[in-house]
Amino acid sequence: CLELMQEDAIIAIQDMGAAGLTSSSLEMAGKGECGIELNLDQVPMREVGMTPYEIMLSESQERMLMILKPEKQDLARKIFEKWELDFAVIGTITNTGNIVLTWHGEVVADMPIAPVSTDAPVYDRPYEIRVQSAEFKVQTKEKIAQHRTLDSALLTLISSPDLASKRWIYEQYDHMVGNDTVARPGGDAAVVRVQGTQKALAISTDCTPRYCYADPTLGGKQAVAETWRNITSVGALPLAITNCLNFGNPQKPEIMGQIVGCLDGMAQACIALDYPIISGNVSLYNETNGVGVQPTPAIGGVGILKDVSKCIGNAFSKAGQFIFVVGETRGHLGASIYLREIIGSEEGAPPPVDLATERKHGDFVRAHIQSGAITACHDISDGGLLVALAEMTYRHGIGCHLERSEAKSKDLRSLDYDRDDIAFWFGEDQARYVVCVPDADAFAASAKATGIPLTQIGTTGGDALAILGQFSLPVSELKAANEAWLPAYMAS
């Protein structure tokens, strides 16, 4: 597909998902306000004896429907044959506004497209957007005050299902993609070189369902913003997103409210970040015994690196470098993984999402990655700052020495817990990055000149993650805890 795009051969393209050839052909023709005629005898089939009904509704995977420029048809065939892929010309575009299907020389369907595409019925269902209170119960505050051991909390979080390594899964599949994979699994975004060029695509998929449940609008914003941060963290410019909207029964007002709220938040983020939705799909009625899944508008983002040599990772790569946090740390624990895994509570509102701040901080970080000033970068999300730092130690086994002095905590005046270390290290405030730089003074001066909040928290080096006066955990122990959960779960 990329080769065909480079050859300017494709007018339009769509993958075949739900309802297979039916949805893809009708959607493409409907958007183009034209008709389409398909010869079903030419459709490649994986089974013998299929009827026209079955051919049109088959959901066989790894298929794309393309509208090619006529003069590029032979070129397209050669490219597909080179890659040993099926290629078939199955129809033509018409001006009738109808879809016409032929089979063994007979017309087996002839119907208007608009009623099932652009003019399809639109439901305006009643909805209720429910938002959790930002306040914690007294018992929750008391439990937070009692659980003050940072090292044991960190080990628990990085070995939880949400944060545990997924290596057991991804090593069973080809993640090298013809040896054009530049950034392998474990980073903030996958980076895949566009073959034969210096360009590369950065790709990330994100969603935080517990945020979407606690506040659908904020959750929708955050899902889009996190993919934007992850793509930025490797040095790429975010370009566009796709989505997979997974919700329960939309006939229930509270579920319809989740859909409306999440879509509103997503739209706000797309506009503010100049990050449009270019495709997507929907999966509804996902329930078990009448209880819907948590709202999960999964966001897949893509960005571009014009020069793949500028790409960086999220791992500490050298000792003696300086560690900074870009963005304000206010210690937001509502709807956090810490609260759920350590305290056993799912209270509170998710962290606020300031989209203008997201863009400002991301643009600053990306510019400094491109200039070579930043050698490692990791966005801060699930689990907060300390989890992000632990994740930066895994790949190369390089540790860090951290310090949180009162002078460096002056931005924590809004904390409810008397400048609690728990909130500082595990709060999930947004618009933040951990960056590693060789020149602390120059980086700090640049941040000051552009009004970017910056906190220096330590240096890289050694073989442990250590906080002065608190604890020292060997990187080997951190990595073992992170990798143990999934294989053990699958083995059981």
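Predicted model: local features only at pLDDT ≥ 70, side-chain atom pairs only at ≥ 80, totals over all residues.

Student: How many residues does helix α2 have, and what distance does it reach from its first C-alpha to its last?

Tutor: A helix can be checked by setting its reach against an expected span. Helix α2 covers residues 20–31, which is 12 residues, and it reaches 17 Å, close to the 16 Å expected at 1.5 Å a residue.

Student: How many residues of α2 are buried?

Tutor: A residue is called buried when its relative accessible area is under 20%. By that cut-off nine of the 12 residues of α2 are buried, so the rest of the structure largely encloses this helix. Among them are Leu21, Leu26, Met28 and Ala29, along with Gly20 and Gly30. The serines Ser23, Ser24 and Ser25 are buried as well.

Student: What covers the buried residues of α2?

Tutor: The cover includes the strands β1 (10–15), β2 (35–39), β3 (64–68) and β5 (98–103), and also the helix α3 (52–57).

Student: What are the length and burial of helix α9?

Tutor: The reading goes the same way. Helix α9, residues 216–233, has 18 residues and reaches 26 Å between its end C-alpha atoms, close to the expected 26 Å. As for burial, 18 of its 18 residues are buried. Just after α9 comes Gly235, with a positive phi of about 100 degrees.

Student: Now the pairs. At what angle do α10 and α12 pack, and how far apart are their axes?

Tutor: For a helix pair, look at the angle, the axis distance and the residues that meet. Helix α10 (residues 253–273) and helix α12 (residues 355–370) pack at about 40 degrees with axes 9 Å apart. The two are therefore oblique to each other, and their crossing is right-handed. On the α10 side the contact has Gln268, Ala269, Ala272 and Leu273, which meet Leu355, Glu358 and Arg359 of α12. By class these contact residues are four nonpolar, one polar and two charged.

Student: Which residues of α12 and α15 meet?

Tutor: Lys360, Phe364 and His368 of α12 meet Phe443, Ser446, Ala447 and Thr450 of α15. This contact has three nonpolar, three polar and one charged residues. The axes of α12 and helix α15 (residues 440–450) come within 12 Å and cross at roughly 145 degrees, and the crossing is right-handed.

Student: How do α6 and α16 pack?

Tutor: Helix α6 (residues 150–158) and helix α16 (residues 475–491) pack at about 40 degrees, their axes 7 Å apart. That angle makes α6 oblique to α16. Leu154, Leu155 and Ile158 of α6 make the contact with Glu477, Leu478, Ala481 and Asn482 of α16. Sorted by class, the contact residues are five nonpolar, one polar and one charged.

Student: Is Asp274 buried or exposed?

Tutor: Asp274 is exposed, with a relative accessible area of 52%. Asp274 lies in the loop between α10 and β11 (277–283). Its phi is positive, about 55 degrees, although Asp274 is not a glycine.

Definitions and conventions. Residues numbered from 1 in each chain as written. Heavy atoms only, no water. Helix = DSSP H or I, 4+ residues; strand = E, 2+ residues; numbered from the N terminus. Expected span 1.5 Å × (residues − 1). Buried < 20%, exposed > 50% of the residue type's maximum accessible area, 1.4 Å probe, protein only. Axes fitted to C-alpha atoms, helices over the stretch in contact; angles between N-to-C directions. Parallel < 35°, antiparallel > 145°, perpendicular 65-115°, else oblique. Left-handed = near helix turned anticlockwise from the far one by under 90°. Contact = heavy atoms within 4.5 Å. Nonpolar A, V, L, I, M, F, W, Y, C, P; charged D, E, K, R; others polar.
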